[in-house]
Amino acid sequence: MQPDAPRTFAPAPRVSVARRSATLSTQTLVLALVVLLIVLNGLPFVWGVLTSMKSEQDLFRFPPAFFDFEPTLDNYRRVAATGFLGNMLTSFAYCIVAVFFVLAIGLPAAYAFDRYQFPLRQPLFLLIVASIPLSIGAAALLIPTYIYFARLGLTNTFFVLPMIYAAHQLPMTIWILKGAIESIPRELDEAAIVDGVSRLGVLRHVVLPLSRPALAAASILAFVGSWNEFVAGSVMVDSPGLKPIQPLVYSFIGFFGREWGPLTASATLAMLPILLIFILFGRQFVAGLTKGAVKG
Amino acid sequence: MAGVSINQARKDFGSVSVLHGVSVEIKDSEFVVLVGPSGCGKSTLLRMIAGLEDISGGEISIGERVVNGMLPKDRDIAMVFQSYALYPHLTVAENMGFSLKLKRAPKDEIASRVNRAADILGLRDLLGRYPRQLSGGQRQRVAMGRAIVRDPKVFLFDEPLSNLDAKLRVQMRTEIKELHQRLKTTTIYVTHDQIEAMTMADRIVVMQNGAIEQVGAPLELYDAPANIFVAGFIGSPAMNFIEGELRGGEVPILDFGFAQLPLSSAPATAIGKRVIAGIRPENLVLEENGLPATVSVVEPTGSELHIFAAINGAPVTAVFRERHDLRPGDRIGLGAVPGSIHLFDVETGLRL
């Protein structure tokens with residue numbers, strides 16, 4: 001069994017009885033808000049999944065049927081026939097490679113930002129934190145990035161998207177991991193150094209095992225962010241085999257009107273890995289983000 | 001095993017100097033305690049010996065080798081940290097064997113050395129546990145076990161008992177001392193607690209403001225403190241200080257203005273000078289024509305009676321072995337045991 005290491009350092013949260021009863025009305029409010037959010041977010045999702053299983057006739061029936069229709073997998077068959085599943089694998093590979101590089105670069109970077117004193121450390125870190133929203137709204141960077149990449153001959157290659165995804169996700173990863181490393185006592189580094197490891201050894205033997213929850217959280221965020229990326233995916237590669245799935249979902253909005261059936265079917269398929277990840281790793285994700293992992 | 005020689009060691013952080021050239025010779029298998037108030041540079045000196053801080057100037061040798069610039073792992077030392085610094089993700093056995101594993105020692109050798117250390121410290125039943133499943137005292141023992149397993153030339157302890165409760169601290173004090181008597185490994189131990197220093201050390205190094213105030217055996221420091229700082233720092237309750245003038249005559253006399261105290265002897269050069277007289281609390285006795293004092297607080301500890309009083313407005317502490325019926329507000333006379341008064345120069349603070 002793996003010990004849940006960072007728990008040793010985190011003090012137990014204390015909530016007084018007085019505070020608990022005072023928050024009762026706030027709790028009701030929060031609950032109502034959560035229900036509202038679930039409905040707002042869940043409704044399009046459910047509607048999309050239902051639509052993906054409707055035949056052409058059921059789709060355009062009026063008044064629309066919620067559950068009263070013959071479910072069919074025709075739309076999924078049509079999507080599969082376009083080679084969508086192969087592109088799902090391509091997308092998956094892009095994301096895995098991106099996550100690998102994000103962690104391989106992010107962990108040492110976060111360690112250095114927390115443990116080393118070097119010139120411009122503070123401004124550089126601020127720059128990294130500031131570029132978190134920039135990487136999410138990467139459309140703004142699209143034109144310059146495209147021009148540079150085209151000049152360097154990097155467009156339409158199998159490695160261009162993992163590169164861009166890794167770059168997009170790196171700031172957030174460094175920020176999360178730095179928070180986790182902050183909570184690892186420096187004396188542990190020193191004990192390991194006296195025991196005979198190098199600085200890199202500290203990273204491997206102490207920091208890596210102790211920041212596992214944060215590494216999991218950062219990986220999930222990076223994976224999901226890369227998986228959902230649309231703009232770079234639709235511009236940087238042209239060959240059908242290199243296309244990630246998000247632009248392909250969009251391609252079902254064709255010249256001759258919208259093919260709602262295949263569109264919702266492909267969108268449902270595109271959501272599956274994300275759902276799967278959160279079902280499998282949701283706990284670690286929350287633990288990694290809450291256990292002193294995210295600090296400013 | 002080896003001695004440690006520190007020669008004019010200096011430490012600067014930028015333009016701030018925290019150690020101004022300290023020199024100590026630590027003999028093979030000696031137990032030396034570095035003691036002083038926080039910020040005196042004792043931990044910095046220890047970390048310089050360990051290799052966790054650079055040496056800005058001077059030289060530190062372990063055995064015959066100068067270790068300036070040498071990596072911690074090559075110095076043949078083991079360190080016990082204040083927070084124990086056990087690896088939370090490793091079991092007790094893995095924690096203790098970590099350094100050997102890094103050296104790629106054979107598995108059975110690691111096991112036998114870990115077991116031997118576990119036997120010495122009574123950790124045999126805890127080898128499979130994780131640090132979070134241990135009490136403070138057990139963690140402390142594991143941290144020592146990790147040091148023992150390496151069989152180093154020098155043990156370095158950085159305030160290892162500060163995180164323990166009072167009772168456990170006394171117990172661990174004894175255990176560490178016993179361990180040293182058994183292993184005879186040269187030990188350098190840092191603490192701010194002078195009682196730890198007095199009870200454990202072969203020799204004490206008293207430090208203040210990045211410099212060494214005095215080096216000596218515990219009782220040497222207690223009986224003949226080199227200056228007012230050491231006199232006030234070593235001993236609990238602390239020594240009482242009263243300023244007065246030293247007068248000559250048939251018997252030298254300390255004149256406080258409001259009262260006088262005869263001395264058994266005094267250095268001739270100090271006659272006629274302003275001095276500070278230091279008297280340890282246990283050297284004060286009740287005496288009808290002694291210094292007039294007003295009792296403010298009475299603290300019976302059972303074995304002793306601690307009296308807090310004021311002599312001419314200055315606070316004084318007295319410790320009596322015998323029981324007296326004293327109450328706050330009582331007026332008493334305090335005298336000193338003959339030959340027990342320490343004299344210090346008012347200006348330099350040095351012992352006269």
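**Exercise 1. What distance separates the centres of domain 1 of chain A and domain 2 of chain A, taken over C-alpha atoms?**

Solution. The model is a predicted one.
- Step 1: Find the two parts. Domain 1 of chain A covers 21–72, and domain 2 covers 82–290.
- Step 2: Take the centres over C-alpha atoms. They are separated by 30 Å.
- Step 3: Look at the contact between these domains. Domain 1 of chain A gives seven residues to it, and domain 2 of chain A gives six.

**Exercise 2. Describe the side of domain 1 of chain A that touches domain 2 of chain A.**

Solution. 
- Step 1: Name the elements. Helix H2 (24–52) and helix H3 (56–59) of chain A each give two or more residues to this side.
- Step 2: H2(A) has the largest share, with four residues.
- Step 3: Sort this side of domain 1 by class. It holds two nonpolar, three polar and two charged residues.

**Exercise 3. Follow helix H5 of chain A from end to end and locate its bend.**

Solution. 
- Step 1: Count. H5(A) takes in residues 84–115, which is 32 residues.
- Step 2: Check the span. From the first C-alpha of H5(A) to the last is 46 Å. At 1.5 Å a residue, 46 Å is expected, so the two values are close.

**Exercise 4. Work out how chain A meets chain B.**

Solution. 
- Step 1: Count both sides. Chain A brings 17 residues into contact with 20 residues of chain B. A contact here requires C-beta atoms within 7 Å.
- Step 2: Find the elements on the chain A side. Helix H9 (186–195) and helix H10 (199–210) of chain A each supply at least two residues.
- Step 3: Pick the main contributor. H9(A) provides the largest share of the chain A side, seven residues.
- Step 4: Sort the chain A side by class. There are 11 nonpolar residues, two polar and four charged.

**Exercise 5. Sketch chain B as a whole.**

Solution. 
- Step 1: List the secondary structure. Chain B has eight helices and 19 strands.
- Step 2: The C-alpha trace of chain B spans about 75 × 45 × 35 Å along its principal axes.
- Step 3: Look at burial. Of the 352 residues in chain B, 39% are buried.
- Step 4: Consider contacts in chain B with a separation of 6 or more. Residues 24 or more positions apart account for 65% of them.

Key
Residues numbered from 1 in each chain as written. Chains lettered and ligands numbered in written order. Predicted model: local features only at pLDDT ≥ 70, side-chain atom pairs only at ≥ 80, totals over all residues. Contact = placed C-beta atoms within 7 Å. Nonpolar A, V, L, I, M, F, W, Y, C, P; charged D, E, K, R; others polar. Buried ≥ 20, exposed ≤ 12 C-beta atoms within 10 Å, placed from the backbone. Bend = angle between axes of the 7 residues up to and from the residue. Domains from an automatic or database assignment.
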